[in-house]
Amino acid sequence: PAMDKFLDILGHRVTLTSHKGYRGGLDTQFGQTGQYSVYTEHMGKEIMYHVATLLPFSETEPQQLQRKRHIGNDIVSLVFQEASTPFSPDMVTSHFLHAYIVVQPEPGCGDKYRVSVTARSDVPYFGPSLPSPPVFRRGPQFSEWIINKLISAETACYKAERFSKLRQRTQSTLLNNLVADLMSKTEEFIDCSEGDSVGKMTKVESSFLKSMKKAMSTKPKCQATSEDNSSSTLIPLLRTMS
């Protein structure tokens with residue numbers, strides 16, 4: 001199927017219960033988010049895709065909340081169209097999705113894809129640029145281009161008003177907590193006996209440095225990092241059919 005061929009360009013299919021890398025919020029223990037997903041590593045970054053067709057589907061649940069919970073809280077969406085069906089970002093209700101990359105196989109040529117990109121008005125430009133015409137041949141170059149485009153899109157979206165305000169608010173809260181903690185620890189240090197000074201000072205410095213690093217490196221909640229601190233990205237992948 002065309003969808004499976006396209007997924008092979010993005011990464012490789014993994015069995016969630018045996019997956020040891022970055023999981024992107026998917027359940028790797030009890031199968032509540034499906035059996036499989038698509039995962040890859042790119043220039044030191046781990047990428048886990050939220051593939052709509054691999055997430056659980058329930059015929060008795062019209063809202064499909066399990067799918068919405070993941071895709072609706074992502075920032076960039078990759079939409080795969082198997083036919084010339086119209087797509088509008090308004091079709092997906094989400095406060096977080098800010099950019100869409102739409103991919104469609106060229107009619108009569110299964111190895112070529114036409115790409116279009118759209119984003120909310122407050123998202124700055126992000127590369128790499130689309131060629132003219134915006135048609136790619138299946139292969140490593142297309143894989144490299146689209147993954148770089150997805151990562152750049154997410155980075156650009158963080159500069160949008162919603163995420164910029166969230167970042168500032170989070171950093172402000174952390175810095176206020178840092179100041180209060182430092183003042184409290186300083187008072188404890190001043191009041192302690194001379195014999196306890198070295199131990200107390202070491203504890204204050206350790207607490208201060210940890211809080212400072214947390215405040216300076218804060219990113220919006222949607223950005224996640226794996227346990228080994230390598231950058232990680234969540235990409236929802238939607239599929240539209242005629």
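**Close-up views of a predicted model**

View 1. His98 sits in the loop that runs between strand S4 (76–81) and strand S5 (99–106). Helices (H or I, at least four residues) and strands (E, at least two) are DSSP runs, numbered from the N terminus. This is a predicted model, in which local features need pLDDT of at least 70 and side-chain atom pairs count only at pLDDT 80 or more, while totals for chains, interfaces and linings use all residues. Residues are numbered from 1 along each chain as its sequence is written, and side-chain values use heavy atoms, with hydrogens and water left out.

His98 has a relative accessible area of 2%, so it is buried. Buried means under 20% relative accessible area, exposed over 50%, and partly exposed in between (1.4 Å probe, protein chains only). A polar atom of the His98 side chain lies 2.7 Å from the backbone oxygen of Phe96. Leaving aside residues up to four places away in sequence, His98 touches Ile75, Ala119, Arg120, Asp122, Val123, Cys157, Ala160, Arg162 and Phe163. Contact here means heavy atoms within 4.5 Å.

View 2. In S4, 6 of the 6 residues are buried, so the strand is largely enclosed by the rest of the structure. Val76, Leu78 and Phe80 point one way from S4. Ser77, Val79 and Gln81 point the other way. S4 pairs with S5 in the parallel sense, over 5 bridges. Two strands pair if DSSP finds at least two bridges between them. Leu78 has Ile101 of S5 as its bridge partner.

**View 3. Leu7 and Phe80.** Leu7 belongs to helix H1 (residues 2–10). Its relative accessibility is 4%, so Leu7 counts as buried. Leu7 and Phe80 are 73 residues apart along the chain, yet their C-alpha atoms are separated by 9.7 Å.

**View 4. Two cis peptide bonds.** Gly127 and Pro128 are joined by a cis peptide bond, with omega about -10 degrees. Another cis bond joins Ser132 and Pro133, with omega about 0 degrees. Pro128 lies in the loop between strand S6 (109–119) and strand S7 (135–137). Pro133 also lies in the loop between S6 and S7.

**View 5. Backbone angle at Met43.** Met43 is not a glycine, but has a positive phi of about 50 degrees. Most residues other than glycine have a negative phi, and most peptide bonds are trans. Met43 is found in the loop between strand S2 (36–42) and strand S3 (45–51). With a relative accessible area of 68%, Met43 is exposed.

Definitions and conventions. Polar contact = N/O pair within 3.5 Å; in protein donor to acceptor, adjacent residues only side chain to side chain.
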